[in-house]
Amino acid sequence: MTSSAPGVAALVRAHATTVDPWLREAAAWGVDAATARAALTDLEPVLAAVGDDPRAGLTIVRATLDLVARGRWHAEAVPRTVVLRVLPRMSSWLRAWPDDVVPAVLAASRGIARAGLLDPWVARVAAADAPERAADVRPALLVAAWRCGLARYRDAALDAASSLPPSVVAALLDVPSATVTATLERHRSDRWWWPGRSDEPGVVQRVGGFVGWGGPWVQVPRVAAGGPTGWLAVVDGAVGAVVADVHGSAVVGLADHGEVTPPERADARTLPVPWVDEVTGVVPGDQGVVLVARVHSYALDVVRLGRAA
């Protein structure tokens, strides 16, 4: 490893008794010396970000060699991107709990990257101080993911937030520490409320979209009642449950959804919305909102109704 960049080479030499077994394990998986050397050389900026902390550096080296051995260290691989771009931004977390942060970030980032939320998630986590307990790392990452838009994690994230110190939750949710408990309690009862968000009638969330613009669908979706959330999206020959709150939305495919009955059409002029279009279906939800599908929209709209409606 003598041809690696100085920082990496120095770390490997100083901890040869620890690193050599990892290198032999990678070799047993078919990783040649040149490939391992190139991967470790890639780590130079990452190790520079964590400074002279050998615990953090060695944890990153171990994870990298494991990714190389599993064929997940190439330009298009999300884990490689996470190691090279995400971990350096979380240096304070790494220095505090390297053995917990590295595997937790690599595991969580798969779903977050698929949702296109990796950058805002990293920014939110990096802006918060590292938890004082290692056990709080994974719950904190989950709370940040939900706040960035992964609505399907809402219930788990709310439970996780209740177990974290208010100061940690406040930083991850961007709310004052003194209001954390009240904010979580109110949001648990009303998924469409959040501090600073208007409670006026109108569109409060959008679901899906055209694949050419970053959405999941090639056809215009329809809606129906049913499924675990009460809302179904019928599109592209499939049926999925719509999961949404004020922070984000997702559609979870259902293999066994039973009979799907389209709702009656409604007049868009009766809805408090900024568009004029033919509505193909409206399905009521909780807290005075409805899910709306339209003839000319690749997205579904969650609309808060007025008191009169």
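Hi everyone, let's start with helix H11, residues 154–163, where Arg154, Ala157, Leu158, Ala160 and Ala161 are buried. Why do these residues sit on the same side of H11? Around the axis they cover an arc of only 165 degrees, so they end up on the same side of the helix. As for what covers them, the list includes helix H10 (137–147), helix H12 (166–173) and helix H13 (180–189). Please keep in mind throughout that this is a predicted model.

Now to the charged pairs. Side chains of opposite charge can pair when their charged atoms come close. How many salt bridges does the structure hold? The count is 13, and I'd like to walk you through a few of them.

One is between Arg133 and Asp136, whose closest N and O atoms are 2.7 Å apart. Are these two partners buried or exposed? Arg133 is partly exposed, at 46% relative accessible area, whereas Asp136 has a relative accessibility of 4% and counts as buried.

Next, have a look at Arg294. Its side chain meets that of Asp277 in a salt bridge, at 3.5 Å from N to O. Arg294 belongs to strand S7 (residues 289–294), while Asp277 sits in the loop between strand S5 (249–253) and strand S6 (279–284), so this pair ties together parts that are 17 residues apart in sequence. Both Arg294 and Asp277 are buried.

Arg294 has another partner to show you: a salt bridge joins the side chains of Arg294 and Asp301, with 3.1 Å from N to O. Asp301 counts as buried at 1% relative accessibility, and Arg294 is buried too, with a relative accessible area of 7%.

Rolling a probe the size of a water molecule over the atoms shows where empty space is left. Here, the largest pocket holds about 710 Å³ of space. It is lined by 31 residues, and those closest to its centre are Ala115, Pro216, Ser249, Ala250 and Val251. Which elements give two or more residues to this lining? They are helix H8 (98–114), strand S1 (202–208), strand S3 (230–235), strand S4 (238–244) and S5. S5 supplies the largest share, with 5 residues.

Note on methods: Residues numbered from 1 in each chain as written. Predicted model: local features only at pLDDT ≥ 70, side-chain atom pairs only at ≥ 80, totals over all residues. Heavy atoms only, no water. Buried < 20%, exposed > 50% of the residue type's maximum accessible area, 1.4 Å probe, protein only. Helix = DSSP H or I, 4+ residues; strand = E, 2+ residues; numbered from the N terminus. Arc of directions from axis to C-beta. Contact = heavy atoms within 4.5 Å. Salt bridge = Lys/Arg side-chain N within 4 Å of Asp/Glu carboxyl O. 1 Å grid on protein atoms, 1.4 Å probe; cavity = no way out; pocket = protein on both sides within 12 Å on 5 of 7 lines; lining within 4 Å. Points joined across faces, edges and corners; volume = space filled by probe spheres on them.
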